Amino acid sequence: MEQLAFGLVAAVLLYSALRVVSEDNLVHTVLWLGVTLATTAAAYVLLHAPFLAAIQIILYTGGALTLMLFGVMLTQRVESVEVPNAAAGQGRAAIVVALLFGVIAAAVVKTPGLPSSPPVDVPVRALGRSFLTTHLLAFEVLSVLLLTAMVGAIVLARKADPAPAPTPKPAPKAHDAHGEAHP
Amino acid sequence: MNPWLHAVLYSLVLVTVLMTCTAYATWLERKVAGRMQSRLGPTRVGFAGLLQPIADALKLLQKEDIVPLAADRALFNLAPPLTVFFALATAAVIPFSPGLLASDLDIGALYVLALSGLMVFPVWIGSWASNNKYALLGGMRAVAQGISYEIPLLLSVTIVILMADTMSLSGIVQVQADEGWFIARPFGLGLATFALFFVAALAEGNRIPFDTPEAESELVAGPTTEYTGMKFGLFYMAEYLHSIIVAGLGAALFLGGWDGPIAPGLHWMVLKTLGLWMVMLWARWTFLRFRTDQMMTLCWRYLVPASLGLLMAAAVWVHAVHGVS
Amino acid sequence: MTPLDYALFTLLAPLGVAVVLALWNGLRQTGKLAAWISVATALLSAFAAAKLLGAHAANEPLGGLSIPWLIHGDLQSASPLRGSIIELGVRLDGVSVSMLMVVTFVAACVQLFSLGYMADESDADYGRYFTWQSLFLFAMNSLVLAPNLLQLFLGWELVGLVSYLLIGFYYKKPSAARAAVKAFWVTKFADIGLLLGLIVLFVDTGTFAWSVPVPHAEWVAGLLFFAVMGKSAQFPLHIWLPDAMEGPTPVSALLHAATMVAAGVFLVVRASPLFVQAPDVGTLMVYVGSFTALFAAVIAVTQNDIKKVLAYSTCSQLGYMVAALGAGNIVGGFFHLTTHAFFKALLFLAAGSFIHAVHSNDIRHMGGLLKPMKVSGWTFIIGAAALAGLPGFAGFFSKDLILEGMFEAGHLLPLIALIVAAGLTAFYMGRVVFIALLGEPSMHAHEHHPHPAPPVMQAPLIALAVPALLLGFGGPTMAAWYGQIYSFHLGAVGITASAMALAGLAGAWFMFGPKQGGAGLKSAFEPGGRLAASGAVDRAWIGAYKAILLTLASAIGWFDRYVIDGLINVVGETTLRLGQALRPLQNGNVQHYLYAVALGLLALGTFGMFAQ
Amino acid sequence: MTLSAWLVLGAGLFCIGVYGILTRRNAIGLLASVEVMANAVNLLLVAFGRYHGTGDGQVFALFTTALTVTEAAVGLALVILLYRSRKGILVDSAAELRG
C-alpha cells in the first residue's frame, strides 16, 4: 500500500514538475506548479507530517500560487490570453541537469547507513513547542523578515511616489510660537 | 470494519446526502426568499414545488453546452467539476455526531482552511479560461477577496484551536460538549470570534453581501459568464455546497456541533447547520452588495486588526484559565 | 486590597492613563480634563503607596509578584548556570516601598503644581505634558518595583526617554531641543555601561538577580557605576543636568532633582549586594562622589539662574549619596536620597512659582519676593534650610549620617571635601535666599507685580515642606527596615559640618544680606567657578573626543594613503586587466550565470564523490 | 519506504527545477522553477527529519516555506517593476549590465 502511494506521488510530482518547466503557456505553467505543490503536500502526508501538508497548501497554493497568478495577470494586458513563455537551449540544459542528477543519485546510493525505516512520529504539539523554545530566535527573525518583505514588496510595486505635499514655509518668528514659555 | 472500506462507504453516503441537501437547499432558499419578499416561491412542480430542484436539474442538462472558441478548452472544462470536488472534500472532516465523520484528522481544522483556500482556484481557472473580460475581472476579484479574507478566517479558527487546545474538529466539539460552547466564552470573546468567522466565511464563499466577483449588475455573472448548462449548474451547486459546509463548520467550531440535550447528536448538528445557513439566507436577502474597495477596506483595516487583537485577548484568557501547559 | 494590589495600582493606573491619553487624541487635547485625570491618578497612586507604606510599617507581609517571562537553557540541568527563568514582577520590601512613597508623593505634588504652572500652555500642549507625566510615573514605578536588573533596565531606559521628551517639551525652542538631545546622548552613552554590565552579569551567573555571587563583580559593578554616573550626573558626565533645566520647572523638580536622577543612586542601593563584592569600585565611587559634591557646589555659588543653582546643587547632593554608597553606607545614601527628594522638589517648585511670578530665571531680577509671596517664600526657606543642613531640618540628619559613615570608613580626604561642600551649600543657598527673597525688589520684579501663587500651586509646596521639616526624624525607622540600628547622635563630624554650614550661611549674610544690598558676586570662587560653568567640561569632552579620534584618524589616514592605496593600485591595475579579459563573460543574460552555478554545483558534487 | 527513495525523488525534483531555471526566459517561469527547487529541498528536509525521528526537519521546512513565499512576493514585485520599465518580463531584456 505504502509503496503504491509513494509511486503514485512520485510519478505525479515528477510529471507535474516537468510540465512546469516545459509548458509553453505561462498560466498553465503556474497551474502545473500548483499541482506539484499540492502533490508535495500529499508526500508530506506520506511522511507523517500532516500539519506541514496543511500549511503547504495554505501558504504555497493559497499564497505563492495566487500571487503568481496575479503577477501573470498584472504583467499581461488583462484581455490577452497569449502569454509568451519561450524556452531556450533545452539541449545543453538537459545534459547538465542529467549529469547533476546522476551525481546526486550516485551520492545517495553510495552513502552507507541511511536509515531504511522511520522511527516514531512527531506530534504537532511538539512542533509548536520547538517553535517557541529551541527555534524561537529563528521564529522571531522570520517575522522581521516577513515585515521587511512586505514593506519591500509594497515599495517596489506601487505606481510612483505621490507628489510631495508642498512644504509649508517656516513661520517668520519661530521662537515666539509658544508665547511666554518660562522653563 | 476495514477503515478503508468504512471511508469509502461513508464518503459515498455523505456525497449522496450532501448533493440531495444541496438540491433541496435551492428549493428552501427560493421559498424563504419568496416569503421575505411577500411572494410564495415555487409552487407549480410537485406539492409546494418540492419537485422544482429536479425539474431545474433536468432543464440544465438539456441545455446546449457551449465552449467559446477562444477559450482554453481543457481548463474551461476542468474548472466546474473541480469546484464541486473541493467543496465536497471539505465535508470529510465535519463531525456530524460522535464517530460519524469520514476521517478524524488530527489537523481537521487546518484541513478545512487549506481546502477553502484552494476554492479560489477553480473559480480563477474558469474565469481565465473563458477568455472574457467580465469573467477575468470577476476572477481577479474572487482571488483578491479569497486571499484577503482567508487571513481573518484563519485567525478566527486559530482562536478556536487555541481555546480547544486541539486541531481535530471532533476534539473541538468534544471540548465544547465538556466545557460549554465556544460562542458563550466570557467577555464576548467567543461571540466576537464567531462574528469574525461568520463575516470572513461569507466573504470567502462569495456570498451576498460579499458577492462582488459575480456582481450580476456590473460583471454579468463574473467567472461563470461563459458557462452554460450543467457546467454552470456545477458552479451553482458548489456555491450552495460550500455555504452549507461553512454553516456546518461554524456549527462545529462555535455552536457545540452535535452537543445538545435529549435528541441524538446528528439531529442537533443538522439543526444548527440549517439554522446557521438560514442566517446566511437572511443576510443574502437583506443586505446590499459591497463595493470592491469597501470589501478590501473592511478586511484589511478592520477585520485583520480585530482578529489579531482577539487572538491576543484569547491567548491571555486561555493563559489565565489554564496556565502554561 | 492586599499590599500587592496597591503596588500594582501605582504601576498600572498611570500606564493606563498614559496609554489612553496618548492614543485618544480627543481626550488629550481637551487639556484640562486630561490633566485632571492624570493628577487624580497620581494622587491615588500616592495614596496607594501610603497604604503600602503603612502595611510595611505595621510589619504586614507584603508579598510580591513574579511572572515567568523568558526561560533559557535547561532548567533540569545540574549546573547552576545552565538554566534559569527571567521574571517580570513586583518586588516589595523596605527600599522599594519607601522609594515608591517618595516617587508617588513628589509626583503627585508636582503634577498638582503643574496644573497652575502650565496653565498658560495651549490645550494640546497641556494634555501632552500630563500624558508624559503619567508615563513617567509608570516608568519610575516600574524601575522602583523591579525584582531584577533586567526589568530595572527597562524602567531605566523608559525614564530616560520621558526625560528626553520632557526636557524637549518646548521643542520649538532650539535651546530646549538641543538640551534634550544632549541629555539623551550623554545618558545613553552612560547606559552602554549598564547594558554591558547586564551582559557580563548574565554571562557570569545566568540571571539578572543582584544578590548572587558574581565572579567578575569588579567589572559588573564598574560598568553599572558608569551608568550611574550618567543618570545621577556625576563628574564628568554631569554636563547634561544643567542644560536639562530647559524643561518646564515642575519637570526639573520631579525628574531632574527628586526621582529620575536618583535612579542611579537607587540602582546602587538595589544592587548593593553586588557592589559589596567590588570594594575597589566602592573606593572609586567615594572619590568621584565627593569630588562631584565639591565641584558642583563651587559652580553653584557662581550661578545667577535660580534653576542652575538648584541643578548644580542636585549634582552636588547626588555626589554625597554616591560617596556614601561607595563607602558602604547604604542607609545613609538612601536616607539622603529620600530627604533630598522632598526638599529639592520643594525648592524647585517654589523657584518655579517665583519664575512664574516675575517671568525670569535670574535671581537678580527677583529680590524681595518674600513679601508678596508669603507661602512660596517661606516654603523655599524651609527647603533651603533643609538643603543647607541646618540643625533640625531633614537634610541635617541625612547629611550627618553620610559624614559619620565616611568618617568611620576612614576616607579622610573625601570627608573634608564633603564638609567643605556642606559649607558651600549653605553659602549658595543663603545667597539665593538673601538676594531673591529678602533683597531689594528689583526693577524687573516690580514691573511684573509679583502676586501670591494660586492655591493649586501653594498646596503642593506646603505638602512638601512637611517632610522637609520632619523627615529627618524618620531615619531610625528606615534603618530598622534594613536590619540596621541607627540612632542619631551628634559627633565631632556632625558638629564640624553644622559649624561649616552656619559659617557658610553667615558668609552669605555678610556678602549678600540686605545690608549689603548688592547682588554682585564678590567671591574667591568666581574665576574657577565661572571657568567650570562656562562649559569647560563640555569642551573637555569634545576635546578628548577629538584628540582620540583625530590621532587615530591621522594614523589610519597615513596607513590608508601609503599602504592600502598602494595595494589598491596594484589590485586595481590587475583587476582592470583581468576585467578586460573577462568582459565577454558578463553578457547580461541571467541564464548564463545560472549555468555557471549549475556547473559549479556539478563540479562540487563530483569532487565530493571522488574525494573520499 | 527507505530514505534513499525519498532522496532520489527529491534530487529528481530539484534537477527538474534546475532545468527550468536554465531554460526559462520568462521571469515568472523562472520563479516557478525556483519554487520547484525549493519544494524539493523542503521534501528532503521533511524526509530527513522523519527518518531521524525529530521534528526539526518539519520546523526547517516550515521556515523555508515561509521564506519561499516571501521570496515569491518580493520577486513578483520585481517582475511587475520589470514589466513597467520594459513592457515585458523576459529576463534577457534587463541587460544593461552587459560587460
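Predicted model: local features only at pLDDT ≥ 70, side-chain atom pairs only at ≥ 80, totals over all residues.
Helix α1 (residues 3-23) of chain C and helix α5 (residues 123-144) of chain C have axes that come within 8 Å and cross at roughly 150°. α1(C) and α5(C) are therefore roughly antiparallel to each other, and their crossing is left-handed. On the side of α1(C), the contact involves T10(C), L11(C), P14(C), L15(C), V17(C), A18(C), L21(C) and A22(C). From α5(C), the residues taking part are T131(C), S134(C), L135(C), L137(C), F138(C), N141(C) and S142(C). Sorted by class, the contact of α1(C) with α5(C) comprises 10 nonpolar and five polar residues, with no charged residues.

The axes of helix α14 (residues 306-326) of chain C and helix α17 (residues 394-409) of chain C come within 10 Å, and the crossing angle is roughly 40°. Because of this angle, α14(C) is oblique to α17(C). The crossing in which α14(C) passes α17(C) is left-handed. Here α14(C) contributes Q317(C), Y320(C), M321(C), A323(C) and A324(C), while α17(C) contributes K399(C), I402(C), L403(C) and M406(C). These residues of the contact of α14(C) with α17(C) divide into seven nonpolar, one polar and one charged.

Helix α1 (residues 2-22) of chain A and helix α1 (residues 3-23) of chain D have axes 9 Å apart and pack at an angle of about 10°. With that angle, α1(A) is roughly parallel to α1(D). The residues of α1(A) in this contact are F6(A), A10(A), L13(A), L14(A), A17(A), L18(A) and V21(A). They meet A5(D), W6(D), L9(D), G12(D), L13(D), I16(D), Y19(D), G20(D) and T23(D) of α1(D). By class, the contact of α1(A) with α1(D) has 13 nonpolar and three polar residues, and no charged ones.

The size of an interface is often given as the accessible area lost when the parts come together. Between chain A and chain D, the buried area is about 6,700 Å², and carbon and sulfur atoms give 77% of this area. Across the interface of chain A and chain D, zero salt bridges are found.

Salt bridges do occur elsewhere in the model. Side chains of opposite charge can pair when their charged atoms come close. Over all chains, the count comes to 13 salt bridges. One salt bridge is formed by R30(B) with D56(B), whose closest N and O atoms are 2.9 Å apart. R30(B) belongs to helix α1 (residues 3-36) of chain B and D56(B) to helix α2 (residues 52-62) of chain B, so this pair ties together parts that are 26 residues apart in sequence.

Definitions and conventions
Residues numbered from 1 in each chain as written. Chains lettered and ligands numbered in written order. Heavy atoms only, no water. Axes fitted to C-alpha atoms, helices over the stretch in contact; angles between N-to-C directions. Helix = DSSP H or I, 4+ residues; strand = E, 2+ residues; numbered from the N terminus. Parallel < 35°, antiparallel > 145°, perpendicular 65-115°, else oblique. Left-handed = near helix turned anticlockwise from the far one by under 90°. Contact = heavy atoms within 4.5 Å. Nonpolar A, V, L, I, M, F, W, Y, C, P; charged D, E, K, R; others polar. Buried area = accessible area lost by both parts, 1.4 Å probe. Salt bridge = Lys/Arg side-chain N within 4 Å of Asp/Glu carboxyl O.
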